[in-house]
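Here is a friendly walk through one chain, written for someone who likes to know the cut-offs behind the words. Please keep the viewer open as you read.

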Amino acid sequence: FVVSQLDGATKNRVLREMAQALRDNKEQILKANKLDMDDADKNNLTPALKDRLLLDDNRIEAMAVAIEEIAALKEPVGKVLEGWITDDGLKIEKVSIPIGVIGIIYESRPNVTSDTAALSFKSSNVCVLKGGKEAQHSNEAIAKVLQDVLMANNLPKAIISLLPDSSREAVSKLIKMYEYVDLIVPRG
């Protein structure tokens with residue numbers, strides 16, 4: 001995977017660009033969220049669910065700040081977790097490495113799209129995101145902004161992928177893709 005070859009400084013720079021891109025594309029994200037909020041009204045979602053779904057200037061800023069905070073974290077890849085030298089003088093080390101492709105399943109909070117994508121990227125993993133259908137428009141807009149930053153840095157946009165089908169059947173298919181997905185994280 002290309003992302004596993006990136007050094008920490010490069011990943012941090014790209015993450016900071018992603019944070020700024022969320023700010024710069026706030027209007028497009030808010031328009032997409034308005035579509036989700038209109039659907040929420042039509043589908044009589046509860047006020048609590050609508051609040052989770054709602055994005056505004058402050059929440060988009062919080063998403064950008066969260067990505068900047070992730071960029072500021074210590075580099076997780078290549079960290080020596082423990083080590084020892086055998087009686088024969090052989091040096092053994094347990095070193096943190098990327099997992100690979102992580103499928104992340106979550107519900108109607110669009111901010112989770114940017115949070116999990118940034119955490120996956122920071123840890124040199126590829127992510128396949130499956131958010132709730134209530135936030136489909138918002139998730140697509142956020143993912144596109146992040147993917148555009150990847151492509152502007154000559155990185156494959158597939159590093160951050162959004163499952164195009166938000167149905168439960170899509171989740172069933174995703175969790176059975178053993179040869180492609182290394183870990184599934186149900187968040188919620």
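The text below goes from the whole chain to its strands, its cores and a few single residues.

This is a predicted model, in which local features need pLDDT of at least 70 and side-chain atom pairs count only at pLDDT 80 or more, while totals for chains, interfaces and linings use all residues. Residues are numbered from 1 along each chain as its sequence is written, and side-chain values use heavy atoms, with hydrogens and water left out.

**The whole chain**

The chain has seven helices and six strands; these are DSSP runs, with helices being H or I of at least four residues and strands E of at least two, numbered from the N terminus. In order from the N terminus, the elements read α-α-α-α-β-β-β-α-β-α-β-α-β. Along the principal axes, the C-alpha atoms fill a box of roughly 70 × 35 × 30 Å. Of the 188 residues, 42% count as buried, where buried means under 20% relative accessible area, exposed over 50% and partly exposed in between (1.4 Å probe, protein chains only). Take the contacts (heavy atoms within 4.5 Å) between residues at least 6 apart in sequence: 76% of them join residues at least 24 apart.

**Strands and their partners**

Two strands are called paired if DSSP finds at least two bridges between them. The pairs described here are set out below.

| Strands | Sense | Bridges |
|---|---|---|
| S1 (residues 80–85) and S2 (residues 91–95) | antiparallel | five |
| S3 (residues 101–105) and S4 | parallel | five |
| S4 and S5 (residues 160–162) | parallel | three |

S1 and S2 make a hairpin with five residues between them, and glycine 89 in the turn has a positive phi of about 85°. Within this pair, tryptophan 84 has isoleucine 92 in S2 as its bridge partner.

How many residues of strand S4 (residues 126–130) are buried? Five of its five residues are, and the strand is mostly covered. In a regular strand the side chains alternate between the two faces of the sheet. Here Val126, Val128 and Lys130 point one way from S4, Cys127 and Leu129 point the other way, and all are buried.

The chain gets from S3 to S4 through helix H5 (residues 111–122), in a β-α-β crossover that is right-handed; that is, with the strands pointing away from the viewer, the path from the first strand over the helix to the second runs clockwise. On the S5 side, cysteine 127 stands opposite isoleucine 160. The chain goes from S4 to S5 through helix H6 (residues 136–152), and this β-α-β crossover is right-handed.

**Cores**

A nonpolar core is a set of buried Ala, Val, Leu, Ile, Met, Phe, Trp, Tyr and Cys residues joined through side-chain atoms within 4.5 Å. The largest one has 47 residues, and those with the most contacts inside it are Met18, Leu22, Phe121 and Ile160. H6 supplies the largest share of this core, seven residues. Leaving aside neighbours within four places in sequence, isoleucine 160 is in contact with Met18, Ala117, Cys127, Leu129, Leu146, Gln147 and Leu150. A second, separate core of five residues includes Met37, Ala40, Leu45 and Ala135.

In helix H7 (residues 168–175), Ala170, Val171 and Leu174 are buried. They lie on the same side of H7 because they cover an arc of only 100° around the axis, taken from the directions from the helix axis to the C-beta atoms. Strands S3, S4 and S6 (183–186) are among what covers the buried residues of H7. On the other side, Arg168, Glu169 and Lys173 are exposed.

**Two buried residues to look up**

Asparagine 33 lies in helix H2 (residues 26–42) and counts as buried at 2% relative accessibility. Its side chain makes a polar contact with the side chain of serine 138 (3.0 Å); such a contact is a pair of N or O atoms within 3.5 Å, where within protein one must be able to donate a hydrogen and the other to accept it, and residues adjacent in sequence count only if both atoms are side-chain atoms.

Valine 3 sits in the segment before helix H1 (8–24) and is buried, with a relative accessible area of 1%. Valine 3 and serine 124 are 121 residues apart in sequence and 5.2 Å apart in space, C-alpha to C-alpha.
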